[in-house]
Amino acid sequence: MKLFRFYIQLIKTPQTGLLLLTAIAGYRSATNEYTFMTAFLAMIGLLLAISGTTALNMVFDHDIDKVMERTKSRPLPLG
């Protein structure tokens, strides 16, 4: 359970949710017909892509995050 909470913090859940919400709004505003399964699979793919890139960004920036006041309490700088 502790590892699960770590991953939830690592992917910045609120930011990921907002990006998915924006993608859903853009997908819904398209004029083409789409099925529920197509939209669902697109959202799963976007969730994985957003989460993966967010996690990679946190890995790349962990040394910078240690010294910045705003970011020093993120999961990786805390160890």
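This is a predicted model: local features need pLDDT of at least 70, side-chain atom pairs count only at pLDDT 80 or more; totals for chains, interfaces and linings use all residues.
**View 1. Helices α2 and α3 cross at roughly 145°, their axes coming within 10 Å.** The α3 helix covers residues 36–60, while α2 covers residues 13–29. Their crossing is right-handed. On the α2 side, the contact is made by Gln 15, Thr 16, Leu 19, Leu 20, Ala 23, Ile 24 and Tyr 27. On the α3 side, look for Thr 38, Ala 39, Met 43, Leu 46, Leu 47, Ile 50, Ser 51 and Thr 54. Sorted by class, the contact of α2 with α3 has 10 nonpolar and 5 polar residues, with no charged ones.

**View 2. Thr 16 sits in helix α2.** Is Thr 16 buried or exposed? Thr 16 is buried, because its relative accessible area is 3%, and buried means under 20%. Now see what Thr 16 touches: leaving aside residues up to four places away in sequence, Thr 16 touches Ile 11, Leu 47, Ile 50 and Ser 51.

**View 3. Tyr 7 belongs to helix α1, residues 2–10.** Tyr 7 counts as partly exposed because its relative accessibility is 45%, which lies between the 20% and 50% cut-offs. Find Ser 51 as well: Tyr 7 and Ser 51 are 44 residues apart in sequence, and their C-alpha atoms are 9.4 Å apart in space.

**View 4. Lys 12 lies in the loop between α1 and α2.** What is the phi of Lys 12 near? It is near 50°, a positive value in a residue other than glycine.

How values were computed:
Residues are numbered from 1 along each chain as its sequence is written. Side-chain values use heavy atoms; hydrogens and water are left out. Helices (H or I, at least four residues) and strands (E, at least two) are DSSP runs, numbered from the N terminus. Buried means under 20% relative accessible area, exposed over 50%, partly exposed in between (1.4 Å probe, protein chains only). Contact means heavy atoms within 4.5 Å. Axes are lines fitted to C-alpha atoms, for helices over the stretch in contact, and angles run from 0 to 180 degrees between N-to-C directions. A crossing is left-handed if the near helix is turned anticlockwise from the far one by less than a right angle, and right-handed if clockwise. Ala, Val, Leu, Ile, Met, Phe, Trp, Tyr, Cys and Pro count as nonpolar, Asp, Glu, Lys and Arg as charged, and the others, Gly among them, as polar.
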